[in-house]
Amino acid sequence: MNDQIDWSNLSFGYMPTDYNVRCSYSDGKWGDIEVSDSPYFNIHIAATGLHYGQEIFEGLKAFRGKDGKIRIFRLRDNAARLRDSAKGLMMAQLPEEKFVEMVKKVVKLNERFVPPYGTGASLYIRPIEFGTSAQVGVKPGKEYEFIVFVSPVGPYFKTGFKPSNICIMRQYDRVAPRGTGRWKVGGNYAASLEAGERAHELGYSAVLYLDPKEKLYLDECGPANFFAIKDGKYITPASESILPSITNKSFMQLARDMGLEVEQRHITVDELETIEEAAACGTAAVASPVGEIDDLDTGKKYIISKDGNPGPVTTELYNRLRGIQYGEIEDPYGWCTIVE
Ligand SMILES: *Cc1c(COP(=O)(O)O)cnc(C)c1O
């Protein structure tokens, strides 16, 4: 354990750790796993990852459980999603087994950075893959680098599990209707920065994007999925431009276990009138409850949380998921991988 770190006051940011792990793809195959103690990478100035945006990533977490064991949450789902993203950008697909081995290895090597149980902190794991071939012609590269680094992180919102307000701004889209939204692509984030900064300046935690084609249905909530609770149902948008969140998928299962019906369908802006609870969800924050949704184009304000607290269903979903991640409650679906 690292006693230099104030575990209970960590921010959600980068902190140097001891090691990262790497694997290169060339001549049509992935090489051996390398361990590095350097946070730098030497890259060719004509690499496809730099000028044509061949870059994808993942985000997952490891938790120190109540029993002292380290659990990685839904590792294989992230491995599979990285492969989907790679396919989408015509990049080399890393075998799932290699992903699993490398993530376990980097966590084990940085074991002293896994925050103690009870601090609310965790070890954030960031796998990235990018094109390294020197090319100028526009075509998929032949060489790739896959790197996994980690950083201990605190809760995403310092203020805790409390509702925040979000806004709708129709002049911005995160992705194109049949574009790269369904893959975890760095470029999608670059495309969302201006809208995100604008929303922050106006005092909102995120932008609630509408579908980029018709601007009628709810899409993603900043870099997170969106769900709502209404009439005993868990409702989340169905859209080709949404990144399939593993947190959202987990909540859908937990909602069913709680006796809720799950609907993945279009949600119109008008329907916000009738929802009882809403939240954004993703690995970083798990669930961030929504207080109010302001439509900046129509001036309409949808008050979701009337008393300023998260709703009961969102709270129960949040507690169940955290309980599984910290080994406090049973893991009936085998979502956690224990690092031996
Ligand atoms: C990573 C990400 C999410 C959340 O996915 P999780 O698997 O739950 O962490 C949601 N939306 C976007 C755009 C993302 O990149």
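Good morning. Helices H5 and H6 are roughly perpendicular to each other, a term that covers angles of 65 to 115 degrees. This is a predicted model, in which local features need pLDDT of at least 70 and side-chain atom pairs count only at pLDDT 80 or more, while totals for chains, interfaces and linings use all residues. Residues are numbered from 1 along each chain as its sequence is written, and side-chain values use heavy atoms, with hydrogens and water left out.

Let me begin with that pair. H5 spans residues 246-257 and H6 residues 312-325; their axes are 10 Å apart, at an angle of about 110°. Helices here are DSSP runs (H or I, at least four residues), numbered from the N terminus. Each axis is a line fitted to C-alpha atoms over the stretch in contact, and angles run from 0 to 180 degrees between N-to-C directions. H5 passes H6 in a right-handed crossing, that is, with the near helix turned clockwise from the far one by less than a right angle. The contact (heavy atoms within 4.5 Å) involves Thr247, Ser250, Phe251, Leu254, Ala255 and Asp257 of H5, with Leu317, Tyr318, Arg320, Leu321 and Ile324 of H6. By class, seven of these residues are nonpolar, two polar and two charged.

I turn to the second pair. Helix H2 (residues 75-88) and helix H3 (residues 96-109) have axes that come within 9 Å and cross at roughly 125°. That angle makes H2 oblique to H3, oblique being what remains once angles under 35 degrees (roughly parallel), over 145 (roughly antiparallel) and 65 to 115 are set aside. Here too, H2 passes H3 in a right-handed crossing. Among the contacting residues are Leu75, Ala79 and Leu82 of H2, and Phe99, Val100 and Val103 of H3.

Finally, the ligand. Which residues come nearest? Of the 14 residues around the ligand, they are Lys184, Tyr189, Ser245, Thr247 and Thr283, where being near requires a heavy atom within 4 Å. An N or O atom in the lysine 184 side chain is 2.6 Å from a ligand oxygen atom. Serine 245 likewise places a polar side-chain atom 2.6 Å from an oxygen atom of the ligand. For glutamate 220, a side-chain N or O atom is 2.7 Å from a ligand nitrogen atom. Thank you.

Definitions and conventions. Helices (H or I, at least four residues) and strands (E, at least two) are DSSP runs, numbered from the N terminus. A polar contact is a pair of N or O atoms within 3.5 Å; within protein, one must be able to donate a hydrogen and the other to accept it, and residues adjacent in sequence count only if both atoms are side-chain atoms. Ala, Val, Leu, Ile, Met, Phe, Trp, Tyr, Cys and Pro count as nonpolar, Asp, Glu, Lys and Arg as charged, and the others, Gly among them, as polar.
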